[in-house]
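Here's a quick briefing to get you started. Take a look at the structure first, then read on.

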Amino acid sequence: MKIVVLGPPPKRPSQRPGLGLSVDGHHWLMLDAAGAVPDALEPPSRDEPIAVVLTDARADHASGLLSLRDGHPIDLYATPAVFEQLTVGLPVLPVLQHYCDVHWRLVAVAGDAQLARFRIDAWPSLDFTAVGLDAGQGSGAGEAIALVVRDAASGHQLFYAPALDKASTPPAPWMDDSDCVIVGGDCRVWREGPAGALPPPWIAALLEARAARKVLLQPPAASGCANVSGARAIEIAYAGMEIEL
């Protein structure tokens, strides 16, 4: 499994990037659509859809959808809460549908269901599990999820959660079972708190995770996480960063 970090744009270093994911280096799916999507990640056939899995409805993660408007049809994997937000609150999808076909593929994290497994037909070796992050936060279920992607062919597993700070209790068992953990969040409260203050739960979970690769998605200065840089072999993501699992 090959992972490529998409974005952030050079002029917006604090924007959270997305990921490109491939099992053969030629056919790609996107985990969040951050910024302009590189041509190299588009399918070779004009009729072949682009698969995009959204973890939330942040503008950072949905803006790249508009860069796909003149090309392929889009298979959009999203929870009901995210789909509604991008239809009504931040109406990216109504605009996009004027240019290309958008097919919503349900990720069933909603109500009391905080876990949903699904597959994408074009990538039969990959098993996807969506884990709800917003339980206990007073927000609707499915507004933010983590993604666990397991490659059945190699046995390797990716944990991806660009909004891990939304979790009142980070899903540490999923992180510990993964070969690579890629997360993001805001820890300005930690930076601005008293000296010696304990890190927020999501940072503590990242520090303690047993994964071989641990990656923070945005520069520490941008998220207030300067204390994390270099700690316990945590890497800082950059545009074009490649990870092989």
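Let's begin with T79, which touches W104, V107, V109, G142 and I145, leaving aside residues up to four places away in sequence; contact here means heavy atoms within 4.5 Å. Keep in mind that this is a predicted model, where local features need pLDDT of at least 70, side-chain atom pairs count only at pLDDT 80 or more, and totals for chains, interfaces and linings use all residues. Residues are numbered from 1 along each chain as its sequence is written, and side-chain values use heavy atoms, with hydrogens and water left out.

**Around T79**
- You'll find T79 in the loop between strand 5 (74-78) and helix 2 (80-89); helices (H or I, at least four residues) and strands (E, at least two) are DSSP runs, numbered from the N terminus.
- T79 is buried, at a relative accessible area of 1%, where buried means under 20% with a 1.4 Å probe, protein chains only.

- Seven strands make an open sheet with mixed pairing, in the order 6-5-4-3-2-1-14; two strands pair if DSSP finds at least two bridges between them.
- Strand 6 (102-106) and strand 14 (242-244) each have a single partner strand, so one side of each lacks a neighbour in the sheet.
- Strand 1 (residues 2-6) and strand 2 (residues 18-22) run antiparallel and are joined by five bridges.
- I3 has L21 as its bridge partner in strand 2.

**The core**
- The largest nonpolar core has 32 residues, and L21 and L31 are among those with the most contacts inside it; such a core is a set of buried Ala, Val, Leu, Ile, Met, Phe, Trp, Tyr and Cys residues joined through side-chain atoms within 4.5 Å.
- L31 touches residues including V53, L147 and L158, not counting residues up to four places away in sequence.

Note on methods:
Buried < 20%, exposed > 50% of the residue type's maximum accessible area, 1.4 Å probe, protein only.
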